[in-house]
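Try each task before reading its solution.

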Amino acid sequence: METTIRPISPLRQRMIEDMRMRKLGDRTQEGYVRAVRDFAKYLGRSPDTATVEDLRNYQLYLVDHGTSPTSLNAAICGLKFFFTVTLDRPELMAKMQPVHLPRKLPVILSPDEVKRLIAAAGNLKHQTALALAYATGLRISEVVSLKVPDIDSQRMTLRVEQGKGQKDRYAMLSPLLLERLRVWWRVARAQGKMLDGGWLFPGQDPVRHLSARQLDRAIHAAADEAGIEKRVSMHSLRHAFATHLLEQKVDIRQIQVLLGHKKLETTALYAQVATDILREVVSPLEKLNSP
């Protein structure tokens, strides 16, 4: 049985070229193409024939079908690129408006819960990856993309190449984390799982790195094993890293740099979940009863 490969339409090809010209990330490109494809399916004809009312009605359709604010805004971003850049018809987006995203505070793991979580990981590779995520505050995509040469034991730093926003930066490397990484390196090399200058956390095929999906599955399994009932993901370790540093009185601007945040307001969110800081504040009610 032969599989028929559908050719890419000239319109989609032009959009892909427009995104490549602007060096948009692979995931962004996939999301934008998906947004236009879904809209075309709803419309029942080529998306370049859409009107302002078609786009307005499509947003109503998404809202009525329970699309989350995040997914809705992602769809609008993809369509905005298509109509503004590829078609050069920005006026068609006049009635499509992004929606406000509710600001939710992250669930924070306690230091004891982090310790139990790391210990409960299924193997040394996953334990080391989780420990690194907590010790550095790196995102999951940054953790799995690290290579052995990125470890600089002389300067005690980790080089993060092309992190979020396609930016290079350095992360902190603590002595305890360095020792953990050395143990993992020795074991992985002895087992033939790590290539010279290769990925720090290789997949089953050492030529490829451990995927974000595999690591995400590993942390969920570890949370179940450790009996942690809080909602846990790899990003939980990044949240814990920032919050625990803030509770240790580390300056918030230093934490901003360590996290790679562009805006201080993003980092300031952790001041609302640093419970040790809250406990140190004396309520004005207490002052009423003081002599």
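Buried means under 20% relative accessible area, exposed over 50% and partly exposed in between, with a 1.4 Å probe and protein chains only. By that rule, buried residues make up 38% of the 291 residues in the protein. This is a predicted model, where local features need pLDDT of at least 70, side-chain atom pairs count only at pLDDT 80 or more, and totals for chains, interfaces and linings use all residues. Numbering starts from 1 along each chain as its sequence is written, and side-chain values use heavy atoms, leaving out hydrogens and water.

**Exercise 1.** Work out how the strands are joined.

Step 1: get the elements. DSSP runs give helices (H or I, at least four residues) and strands (E, at least two), numbered from the N terminus; here there are 14 helices and 3 strands.

Step 2: pair them up. Two strands pair if DSSP finds at least two bridges between them. β1 (residues 151-152) and β2 (residues 157-160) run antiparallel with 2 bridges, and I151 sits opposite L158. β2 also runs antiparallel to β3 (residues 169-172), with 4 bridges; T157 has M172 as its bridge partner.

**Exercise 2.** Check the length of helix α6 (residues 124-136).

Step 1: the expected span is 1.5 Å times one less than the number of residues. So the 13 residues of α6 should span 18 Å.

Step 2: compare. The end C-alpha atoms are 18 Å apart, which agrees.

Step 3: look just past the helix, where G137 takes a positive phi of about 75°.
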